[in-house]
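Here is a short tour of one chain. Look at the sequence and the fold first, then read on.

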Amino acid sequence: MELKKAHLLFTSLCLVITVFAYAQPKTVDGVAAIVGADIILQSEIEEQYDVFNRQNFGEAVTYCEVFEELLFQKLLIHHAEIDSVTVGEDEVEANMDRRIQQLIMQMGDQQKLEEFYEKSVIEIKEEMRELIHDQLVAQRMQMTVVDDAVAYFDSFFSKFAAYF
């Protein structure tokens, strides 16, 4: 009798586990990478992929290139936070306005731009704000790294030249 109860319990447990296994929701978004405190989501890669391909009229960009660019950018941003490298909101706003004007010139007029993106210019700017901020911080950090490297090599070569 105990064996029948154990068998029934085991079968019921297997059935419940099977039902729950099939009832699990699909992953809506996945973590592609973690850089410092920043997480790169799969949806972020796909979003950037769409943005790059919309802006690079004719030149196709691969997911791998977009992912590599995001990794590098997040790494620079992480080090910028450590080194207290910042970008002002006015600089972000000016850069955003300049990019919107470039897009309008490429598309012909503002209405065509809004039709292409299926959003108003205000909505496009709101989507671009964080992206442009991150790009500007990454660029500023990259310039800092290059300046530090140049200063190091200048110092090294001047000391080296002193021996000859």
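The chain holds six helices and two strands. This is a predicted model. Read from the N terminus, the elements follow the order α-β-β-α-α-α-α-α. The table lists those with stated residue ranges.

| Element | Residues |
|---|---|
| Strand S1 | 31–35 |
| Strand S2 | 38–41 |
| Helix H3 | 63–82 |
| Helix H4 | 89–107 |
| Helix H5 | 110–117 |
| Helix H6 | 121–162 |

**The chain as a whole**

The chain has 164 residues, and 23% of them are buried. Take the contacts between residues at least 6 apart in sequence: 62% of them join residues at least 24 apart.

**The hairpin**

How do S1 and S2 pair, and over how many bridges? The two strands run in the antiparallel sense, and four bridges link them. Together S1 and S2 form a hairpin, with two residues between the strands. Gly-36 sits in the turn and has a positive phi of about 60 degrees. Across the pair, Ile-34 stands opposite Ile-39 in S2.

**The nonpolar cores**

The largest nonpolar core has 21 residues. Those with the most contacts inside this core are Ile-100, Leu-113, Ile-124, Met-128 and Ile-132. Which helices supply at least two residues each? They are H3, H4, H5 and H6. H6 gives the largest share of the core, with eight residues.

Return to Ile-100 in the largest core. Set aside its neighbours within four places in sequence. Ile-100 is then in contact with Leu-113, Val-121, Ile-124, Lys-125 and Met-128.

**A glutamine in H3**

Gln-73 belongs to helix H3. Is Gln-73 buried or exposed? Its relative accessible area is 8%. The cut-off for buried is under 20%, so Gln-73 counts as buried. Which residues does Gln-73 touch, beyond its neighbours within four places in sequence? Gln-73 is in contact with Leu-131, Asp-134, Gln-135 and Ala-138.

Technical notes: Residues numbered from 1 in each chain as written. Predicted model: local features only at pLDDT ≥ 70, side-chain atom pairs only at ≥ 80, totals over all residues. Heavy atoms only, no water. Buried < 20%, exposed > 50% of the residue type's maximum accessible area, 1.4 Å probe, protein only. Contact = heavy atoms within 4.5 Å. Core = buried A, V, L, I, M, F, W, Y, C linked by side-chain atoms within 4.5 Å. Pairing = 2+ DSSP bridges.
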